[in-house]
Amino acid sequence: MAPLSKARTALSALRADLAGEVLAPGDPGYDEARTVFNAMIDRHPAVIAQCEGKADVVRAVRFARELDLKIAVRGGGHSVAGMAVNDNGLVVDLRRMHEVTVHPGSASVRVEGGAVMSHLDRATQPHGLATTGGRVSTTGVGGFVLGGGNGWLDRAFGLAVDNLLGVELVTADGSTVLATARENPELFWALHGGGGNFGVATALTLKLHELPEFSLALLMFVPETGPEAVRTYRDVIAAAPPEVGGGVLYITGPPEPFVPEHLVGTLLCAVLVTYVGGEDDLRKLAQPLLALPHAAEVVSAMPYADFQCMLDAPSGLRNHWSVEYASALPDELVDAFCARAPFMPVPSACQQALFPQGGAIASGHAEFPVPYRGAAWTVHPFGVWADPADDEQALRWVRDVRADVRPWRTGAVYLNFIGDEGRDRVVAGLGTENLNRLAQVKRQYDPDNVFRYNHNIPPA
């Protein structure tokens with residue numbers, strides 16, 4: 001740490017140089033700026049640099065290196081481990097950098113590093129185009145994509161990294177680098193799952209796909225019908241084209257007009273069928289589910305960007321998530337999955353989720369460091385609750401959901417779905433065979449491990 005006088009001088013210079021705002025403890029807006037999605041994270045950075053553009057990011061990184069400050073990078077701030085903020089270090093806050101530029105002619109989009117999914121989806125929607133995004137509208141695009149990126153469109157369009165065309169990066173020494181398949185290709189490879197280990201992504205370019213129509217069927221079942229509903233959904237997916245996706249979510253019945261009043265606030269099994277296409281065809285595909293007795297139903301065509309907001313979890317709640325990948329979904333796993341749901345906190349914003357893989361996920365680029373690509377199903381306990389008194393129950397429920405999958409788990413991990421679960425899980429999220437190659441890239445671009453507030457890859 002630099003002497004106090006040097007630090008004060010450097011901070012004054014940073015305030016003068018940055019087009020954006022610089023916040024320190026005691027400044028108006030500091031507490032709001034350090035708050036992230038997970039209310040269990042309460043950290044106090046020494047400096048928050050709210051950057052307006054790439055030049056601000058370069059200046060902020062050089063400031064931190066000069067004072068030997070730890071660096072955290074904030075895009076959407078959705079990391080369950082709170083990786084977007086640190087104690088006594090610098091936060092490079094990208095949220096002011098959220099411009100999205102659509103290029104319909106080349107079916108591509110340039111997204112600044114602080115954009116969230118709603119920025120991206122609202123910009124591409126008028127053009128009838130989309131790309132794989134997160135399952136809520138408030139997720140940061142940068143962290144989502146660089147961590148691999150699975151979402152509602154992944155069976156049709158592939159993982160987010162399968163659609164990555166380029167990354168504009170500020171590296172640990174304050175240099176700017178462009179990574180594409182032709183320019184710095186080894187860095188480009190590492191950014192397909194290696195996350196924020198190699199620098200600050202100030203912009204990403206993504207491939208877009210035609211999405212003129214999007215429709216969904218959302219059915220609510222009482223828990224007693226849950227196992228039959230899950231097995232039927234499994235069978236629908238097995239016979240469906242890759243344009244069909246969705247998932248099963250055990251949730252608290254929401255106070256929506258389509259949910260019977262006596263089921264609001266109770267445990268329900270929600271089966272969601274998404275379709276890259278129109279409502280009539282969706283009804284045919286989902287007919288086995290529609291034929292089951294269910295408590296609530298919504299079947300509709302809907303703009304994809306509107307759908308992306310439907311399952312948004314509110315910020316400011318307590319969060320703990322995890323994931324396991326299953327090689328298959330036999331009846332035994334269906335029964336175990338459904339039997340575990342009553343143990344999650346209800347009422348709450350928790351979701352016990354089951355997502356199908358296959359389609360364009362499985363047929364994507366096998367060389368990228370995303371080892372979960374070949375799994376059949378994702379099991380995702382998504383713990384979100386308000387009362388600290390529920391902490392023990394929620395953490396135990398997440399742990400037990402993972403344990404239930406053990407006989408069928410592949411061992412792979414999607415790092416965006418976990419917090420700090422130890423080194424073995426990071427290795428499982430990148431692939432043992434990829435780690436040495438990733439560590440070599442890390443050594444080239446960040447030999448001092450400046451960017452360590454992530455699922456870290458130590459330099460070789």
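This is a predicted model: local features need pLDDT of at least 70, side-chain atom pairs count only at pLDDT 80 or more; totals for chains, interfaces and linings use all residues.
**Exercises on aromatic rings**

Trp 377 is buried, with a relative accessible area of 7%.

**Exercise 1.** Determine which class the pair of Tyr 233 and Trp 377 belongs to, and where the two residues lie.

*Solution.* The structure holds 10 aromatic pairs. In the pair of Tyr 233 and Trp 377, the centres are 6.1 Å apart and the planes stand at 65°. Centres within 6.5 Å make a pair, and planes over 60 degrees apart count as edge-to-face; the pair is therefore edge-to-face. Tyr 233 belongs to helix α8 (residues 226-239) and Trp 377 to strand β19 (residues 377-385), so the pair links parts of the chain that are distant, 144 residues apart. Tyr 233 has 1% relative accessibility and therefore counts as buried.

**Exercise 2.** Classify the pair of Tyr 250 and Phe 337, and state whether the two residues are buried or exposed.

*Solution.* The ring centres lie 5.9 Å apart, with the planes at 55°, so this pair is tilted. Tyr 250 is in strand β13 (residues 244-252), while Phe 337 is in helix α12 (residues 331-340). These distant parts of the chain are 87 residues apart. Both Tyr 250 and Phe 337 are buried.

**Exercise 3.** Identify the cluster that contains Trp 152, and the charged residue that sits over the ring of Trp 152.

*Solution.* Trp 152 is linked by ring pairs into a cluster with Phe 214, Tyr 304, Phe 307 and Phe 355. Over the ring of Trp 152 sits the charged end of Arg 135, 5.0 Å from the ring's centre. Elsewhere, Arg 340 lies over the face of Phe 343, at 5.3 Å from the ring centre.

How values were computed
Residues are numbered from 1 along each chain as its sequence is written. Side-chain values use heavy atoms; hydrogens and water are left out. Rings of Phe, Tyr and Trp (its six-membered ring) pair if their centres lie within 6.5 Å; planes under 30 degrees apart count as stacked, over 60 as edge-to-face and the rest as tilted. Helices (H or I, at least four residues) and strands (E, at least two) are DSSP runs, numbered from the N terminus. Buried means under 20% relative accessible area, exposed over 50%, partly exposed in between (1.4 Å probe, protein chains only). A charge sits over a ring if NZ of Lys or CZ of Arg is within 6 Å of the ring centre and within 35 degrees of the ring normal.
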